[in-house]
Amino acid sequence: MNVKDYVGDLIGASLLITESRIIAEYLLKKLSDDEWKSLVIEQNILQKRSGQTASRYTKTIRQRIEVLGDDFIVSLLESTERAYIQLLMAALLINSPIVADFMRLSLAEARRTYKPTLASDAWTEFYDTQIRVYPELNKFFESTINKMGNNAIRSLVDSGYLSDSRKRHIQPVYLLPEVRECLIHLGREDLIEVMECTI
């Protein structure tokens with residue numbers, strides 16, 4: 001796996017819970033590029049202050065969920081709020097395997113050793129370790145690495161694995177049956193153990 005595929009669109013944003021629902025609805029309409037531009041820039045469906053931010057968020061969301069197919073998008077839109085957030089997290093983990101590894105190597109290790117919180121330098125330590133596996137990770141600027149870390153932590157907070165971005169208390173997350181089934185359908189059973197965070 002090359003480093004671009006490993007990082008995915010983690011630089012783009014965290015889970016974008018509210019925005020993803022809006023974009024998902026339009027994805028099913030199979031719009032043209034011009035129609036997307038009109039919706040995102042001119043009509044400002046995401047209600048962002050700048051067209052640049054709106055475009056970046058739209059691109060990030062589309063990269064995460066469009067590739068998973070219409071069945072996934074329908075499941076996303078028809079799910080309960082809890083399942084919806086877990087499905088968004090699953091989409092992030094598929095798109096950005098670096099976050100799945102962060103959960104496997106840092107979050108799971110903290111749980112295994114009965115630590116109540118995720119260390120403040122967990123991302124930095126993890127990233128430095130992964131550079132040995134993916135040397136190209138070293139090419140990113142420190143500001144970009146920090147942004148990726150912030151988005152990874154924010155996603156763990158949004159999906160309930162951590163209490164907040166500052167204290168980072170580790171919380172139990174039970175994977176819902178419909179999310180488990182969706183992962184099996186996508187051929188990503190490997191993520192079930194990653195996402196199941198029982199303490």
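These legends go with several views of one predicted model, moving from the whole chain to a single residue.

View 1. Helices (H or I, at least four residues) and strands (E, at least two) are DSSP runs, numbered from the N terminus. With 199 residues, the rule for a compact globule gives a radius of gyration near 16 Å, and the chain agrees at 17 Å. That radius is taken over C-alpha atoms, and the globule rule is 2.2 Å times the number of residues to the power 0.38. Along the principal axes, the C-alpha atoms fill a box of roughly 50 × 40 × 30 Å. Buried residues make up 47% of the 199; buried means under 20% relative accessible area, exposed over 50%, and partly exposed in between (1.4 Å probe, protein chains only).

**View 2. Helix α6 covers residues 81-95.** Its 15 residues reach 21 Å from the first C-alpha to the last, close to the 21 Å expected at 1.5 Å a residue. The expected span is 1.5 Å times one less than the number of residues. Most of α6 is covered, with 13 of its 15 residues buried.

**View 3. Q86 sits in helix α6.** Is Q86 buried or exposed? Q86 has a relative accessible area of 5%, so it counts as buried. Leaving aside neighbours within four places in sequence, Q86 is in contact with V173, Y174, L175, L176, V179 and M195. Contact here means heavy atoms within 4.5 Å.

**View 4. Helix α9 spans residues 142-158.** The end C-alpha atoms of α9 are 24 Å apart, in agreement with the 24 Å that 17 residues should span at 1.5 Å a residue. Among the buried residues of α9 are T144, I145, M148, G149 and A152. An α-helix has 3.6 residues a turn, so residues three or four places apart point the same way. Which elements cover the buried residues of α9? The cover includes α1 (3-7), α6, α7 (97-112) and α8 (122-133). Following α9 comes G160, whose phi is positive, near 90°.

**Notes for all views.** Residues are numbered from 1 along each chain as its sequence is written, and side-chain values use heavy atoms, with hydrogens and water left out. In this predicted model, local features need pLDDT of at least 70 and side-chain atom pairs count only at pLDDT 80 or more, while totals for chains, interfaces and linings use all residues.
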